[in-house]
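This report examines a protein model through its salt bridges, helix contacts and backbone features. Please keep the sequence and the structure in view while reading.

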Amino acid sequence: MNQRLEAAPVQVDTGVRRFTAAERWIHRTTAALMGICVVTAACLYVPALAELVGRRALVVTLHKWTGLLLPLPVLAGLASRAFRADVGRLNRWGPHDRLWLRAARRRAPGPRPAAKFNAGQKLYAAWIAGATLVMLATGLMMWFTHLTPLMWRTSATFVHDWLALTIGIVLAGHIGMALGDPEARRGLRTGSVSREWVEREHPLWRP
Amino acid sequence: MNPEHPEAREAPAEHPEDEAREPERGAPIGRRVLLGTLGLGALGVVAAPVLQRGMESFLGEVGQKDPTGLTGLLPNGGGFRYYSVVSSVPRKTAKNYRLTVDGLVDKPTSYTLADLRALPQTRMVKDVQCVTGWRVPDTPFEGVRLSELLDAAGVRSSAGAVRFTCFDGAYSESLTLEQARRADVLVALRMQDKDISHNHGGPVRLYVAPMYFYKSAKWLSGIEVTEKVEPGYWEKRGYDIDAWVGRSNGRDDEPTT
């Protein structure tokens with residue numbers, strides 16, 4: 001009440017609300033868990049890092065448990081109405097998403113219409129969710145070695161290794177895009193973005 | 001526009017505004033991409049044996065001609081991987097390296113690197129198979145037969161196993177006496193026709209040719225003859241004690257001997 005009284009006289013553009021606090025925390029915790037997964041994986045896998053870090057049993061334990069916890073923030077987040085709504089937005093594709101993808105693929109300078117999330121973000125969200133579940137399943141097959149037939153385990157290792165490499169590359173792309181767009185990062189840091197940014201990057205979004 | 005009016009609802013968008021009215025009501029492509037990724041993952045597991053063989057032969061060939069060594073970082077890209085269970089391992093040279101043989105023996109002995117080099121050397125060229133999946137073909141190892149060191153120390157009749165300790169301070173391994181006396185078990189001084197480097201477990205490591213590579217303890221510093229097999233470092237963490245390649249740890253790799 002007080003705030004409204006104080007804020008009313010001055011017209012400050014605080015921007016457009018893009019993410020709730022719950023959504024920002026889902027992203028943060030998922031990012032932290034994914035980060036630990038990637039770093040520990042690198043320490044198990046890249047010879048130079050393995051030599052530097054050693055402590056194999058500890059690194060393995062850390063990797064397994066963070067991997068197991070990785071889907072939890074998203075699952076817990078489903079309790080948030082705003083998060084559920086955004087998951088719905090990420091799921092549904094309109095005609096403008098095809099235009100966006102086509103323009104992005106051709107690196108065309110023209111308009112790239114997007115609602116709250118552009119087609120690239122939608123594609124990334126769906127793929128990384130699926131890939132995480134595949135990593136979880138193959139990881140569990142390698143962890144509980146005596147629960148699955150022996151053939152499966154070698155196969156699970158194969159899929160886990162190659163998908164890990166793919167995720168590493170795609171994740172680097174995801175982080176690279178964020179590094180190139182400070183306003184998108186502000187959205188995830190503070191919850192708000194500027195109106196100009198919305199008009200430029202997400203013209204079809206009606207917050 | 002009156003949404004209750006059927007014609008108005010069907011009407012094509014006239015302004016971008018109209019098209020944008022409900023841009024998030026399209027097809028559930030996201031779900032399809034997610035399920036498709038899951039499906040591809042499952043397919044990958046099913047097709048892995050075929051894919052893996054193809055990848056191994058392809059990367060094996062590319063790796064031979066790859067001056068950057070980047071293919072070594074790829075899964076199944078060939079080459080050894082460095083595993084250590086501790087944060088750092090002290091370095092030992094010909095000056096300060098000692099290998100002790102004790103336990104249930106008549107003559108406990110301590111060997112310097114020069115002592116070991118003076119003994120008859122055996123060279124073997126076989127594949128190395130790690131329990132995590134990587135395999136390095138035709139790797140030469142050279143060293144003293146373990147059976148020779150055991151005979152020299154005089155193993156007592158009460159003995160049934162041999163325990164190996166390492167100067168990294170944590171790793172240990174075990175073999176039954178029968179396994180330890182096999183002709184393809186070496187106290188190795190050379191690998192790939194070079195003195196064993198520190199990262200490969202030098203100056204001296206164990207080489208148990210017919211078993212998964214975790215049995216071939218790096219940085220070997222102690223051989224203790226014991227009554228019974230004591231589980232080693234990884235074996236306390238779930239690995240099989242009798243680690244025959246292809247017949248243990250739930251794996252079906254081609255045997256290395």
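In helix H6 (residues 81-91) of chain A, A:Asp86 and A:Arg89 stand three residues apart, which means that about one helical turn separates them. In this predicted model, their side chains meet in a salt bridge, with N to O at 2.6 Å. Side chains of opposite charge can pair when their charged atoms come close.

**Salt bridges between separate parts of a chain**

Over all chains, the count of salt bridges comes to 18. The table sets out three of these pairs.

| Pair | Closest N and O atoms | Relative accessibility |
| A:Lys122 and A:Asp97 | 2.7 Å | A:Lys122 0%; A:Asp97 0% |
| B:Arg156 and B:Asp106 | 3.3 Å | B:Arg156 39%; B:Asp106 52% |

What does the salt bridge between A:Lys122 and A:Asp97 tie together? The closest N and O atoms of A:Lys122 and A:Asp97 are 2.7 Å apart. A:Lys122 lies in helix H8 of chain A and A:Asp97 in helix H7 of chain A, so this pair ties together parts that are 25 residues apart in sequence. A:Lys122 counts as buried, at 0% relative accessibility, and A:Asp97 is likewise buried at 0%.

In chain B, a salt bridge joins B:Arg156 to B:Asp106, with 3.3 Å between the closest N and O atoms. This pair links distant parts of the chain, 50 residues apart. B:Arg156 belongs to the loop between helix H5 (146-153) and strand E5 (161-166) of chain B, while B:Asp106 belongs to the loop between strand E1 (99-103) and strand E2 (109-111) of chain B. Are these residues buried or exposed? B:Arg156 counts as partly exposed at 39% relative accessibility, and B:Asp106 is exposed, with a relative accessible area of 52%. Elsewhere, salt bridges that share partners join B:Arg117, B:Glu142, B:Arg190 and B:Asp195 into one network.

**The contact of two helices in chain A**

The two helices tied by A:Lys122 and A:Asp97 can also be described by their axes. The axes of helix H7 (residues 95-105) of chain A and helix H8 (residues 119-143) of chain A come within 8 Å and cross at roughly 95°. Because of this angle, H7(A) is roughly perpendicular to H8(A). On the side of H7(A), the residues in contact are A:His96, A:Asp97, A:Trp100 and A:Leu101; they meet A:Ala119, A:Gly120 and A:Lys122 in H8(A). By class, this contact has three nonpolar, two polar and two charged residues.

Chain A has eleven helices and two strands. From the N terminus on, its elements run α-β-α-α-α-α-α-α-α-α-α-β-α. Of its 207 residues, 39% count as buried. Chain A exposes about 12000 Å², and carbon and sulfur atoms supply 67% of that area. Among contacts in chain A with a separation of 6 or more, residues 24 or more positions apart account for 66%.

Chain B has six helices and ten strands. Of its 257 residues, 47% count as buried. The accessible surface of chain B comes to about 13100 Å², of which 52% belongs to carbon and sulfur atoms. Among contacts in chain B between residues at least 6 apart in sequence, 63% join residues at least 24 apart.

One buried residue of chain B is B:Gln179, in helix H6 (residues 177-180) of chain B; its relative accessible area is 9%. Leaving aside residues up to four places away in sequence, B:Gln179 touches B:Val185, B:Met211, B:Asp242 and B:Trp244.

**Backbone features**

Most residues other than glycine have a negative phi, and most peptide bonds are trans. A:Arg55 is not a glycine, yet its phi is positive, about 45°. A:Arg55 is found in the loop between helix H3 (47-53) and helix H4 (56-69) of chain A and is partly exposed at 40% relative accessibility. B:Asp138, also not a glycine, has a positive phi of about 45°. B:Asp138 lies in strand E4 (residues 135-145) of chain B and counts as exposed at 54% relative accessibility.

A cis peptide bond joins B:Gly202 and B:Pro203, with omega about 10°. B:Pro203 is found in the loop between strand E8 (194-195) and strand E9 (205-208) of chain B.

Note on methods: Residues are numbered from 1 along each chain as its sequence is written. Chains are lettered from A and ligands numbered from 1 in the order in which they are written. This is a predicted model: local features need pLDDT of at least 70, side-chain atom pairs count only at pLDDT 80 or more; totals for chains, interfaces and linings use all residues. Side-chain values use heavy atoms; hydrogens and water are left out. Axes are lines fitted to C-alpha atoms, for helices over the stretch in contact, and angles run from 0 to 180 degrees between N-to-C directions. Helices (H or I, at least four residues) and strands (E, at least two) are DSSP runs, numbered from the N terminus. Angles under 35 degrees count as roughly parallel, over 145 as roughly antiparallel, 65 to 115 as roughly perpendicular and the rest as oblique. Contact means heavy atoms within 4.5 Å. Ala, Val, Leu, Ile, Met, Phe, Trp, Tyr, Cys and Pro count as nonpolar, Asp, Glu, Lys and Arg as charged, and the others, Gly among them, as polar. A salt bridge is a side-chain nitrogen of Lys or Arg within 4 Å of a carboxyl oxygen of Asp or Glu. Buried means under 20% relative accessible area, exposed over 50%, partly exposed in between (1.4 Å probe, protein chains only). Accessible areas come from the Shrake-Rupley method with a 1.4 Å probe; for residues, only the protein chains shown count as cover.
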